[in-house]
Amino acid sequence: MNLHLSVVHRLPHQYRCLQGYTGVKVESVIEARHDDNVLIGLTLLSHGDDTAWQVMRELARTLAEMDVSCSIVECDGKPCLFLHREDECAGLCRIKNIGVAVAEPAGAPHIA
């Protein structure tokens, strides 16, 4: 699987697993300042259909090599990769290091 042509985008909300559905279903969290179980979601911008599921499984495997736990959950008909908020930096760094692009919002501040 060639991940070098993949592009992921961070979902705009924070999430948590639905009670009793850990790793299977998530819900958006409005305010989660003190919650240790806050998840961030990543979706693919570059692939569709079955290829997206295959890419997400490969990304999950790559993160597991670093002991970053994550789950692939279907959201709006697409596979999304969810990882704990405290693992976001390490996870995104790993994803970038294997050649996957991470799309940033157009209004993101530029750091020189």
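**Notebook: contacts, cores, charges and cysteines**

I began with Leu42 and listed what it touches, leaving out residues up to four places away in sequence: His9, Arg10, Leu11, Met56, Pro79, Cys80, Leu81, Leu83, Leu92 and Ile95. I took contact to mean heavy atoms within 4.5 Å.

Before going on, I noted that this is a predicted model, in which local features need pLDDT of at least 70, side-chain atom pairs count only at pLDDT 80 or more, and totals for chains, interfaces and linings use all residues. Residues are numbered from 1 along each chain as its sequence is written, and side-chain values use heavy atoms, with hydrogens and water left out.

**Entry: cores**

I looked up the nonpolar cores next. A nonpolar core is a set of buried Ala, Val, Leu, Ile, Met, Phe, Trp, Tyr and Cys residues joined through side-chain atoms within 4.5 Å. Buried means under 20% relative accessible area, exposed means over 50%, and partly exposed is in between (1.4 Å probe, protein chains only).

The largest core has 19 residues, and Val8, Leu42, Leu59, Leu81, Ile95 and Val100 have the most contacts inside it. Strand 3, helix 1, strand 5 (78-84) and helix 2 each give two or more residues to this core. Helix 1 supplies the largest share, six residues. Helices (H or I, at least four residues) and strands (E, at least two) are DSSP runs, numbered from the N terminus. I also found a second, separate core of eight residues, which includes Val26, Leu39, Val73 and Phe82.

**Entry: Thr43**

Is Thr43 buried or exposed? I found Thr43 buried, at 6% relative accessibility. Thr43 lies in strand 3 (residues 39-44). Not counting residues up to four places away in sequence, Thr43 touches Val7, Val8, His9, Leu11, Met56, Lys78, Pro79 and Cys80.

**Entry: salt bridges**

Side chains of opposite charge can pair when their charged atoms come close. The rule I used for a salt bridge is a side-chain nitrogen of Lys or Arg within 4 Å of a carboxyl oxygen of Asp or Glu. How many salt bridges does this rule give? I counted four salt bridges.

One of them joins Arg10 and Glu88, with the closest N and O atoms 2.6 Å apart. Arg10 lies in strand 1 (residues 7-17) and Glu88 in helix 2 (residues 88-97), so the pair ties together parts that are 78 residues apart in sequence. Arg10 is partly exposed at 27% relative accessibility, whereas Glu88 is buried at 17%.

Glu65 pairs with Arg61, the closest N and O atoms being 2.3 Å apart. Glu65 is partly exposed at 49% relative accessibility, and Arg61 is partly exposed at 40%. Glu65 also meets Arg94 in a salt bridge (2.8 Å, N to O). Here Glu65 lies in the loop between helix 1 (49-64) and strand 4 (70-75) and Arg94 in helix 2, so the pair ties together parts that are 29 residues apart in sequence. Arg94 is partly exposed, with a relative accessible area of 24%. Through shared partners, salt bridges join Glu58, Arg61, Glu65 and Arg94 into one network.

**Entry: cysteines**

A disulfide is a covalent bond between the sulfur atoms of two cysteines. I searched the whole structure for cysteine sulfur pairs within 2.5 Å and found zero disulfides. The closest cysteine sulfur to that of Cys89 is in Cys93, 8.8 Å away, too far for a bond. Cys89 is exposed, with a relative accessible area of 66%, while Cys17 is partly exposed at 25%.
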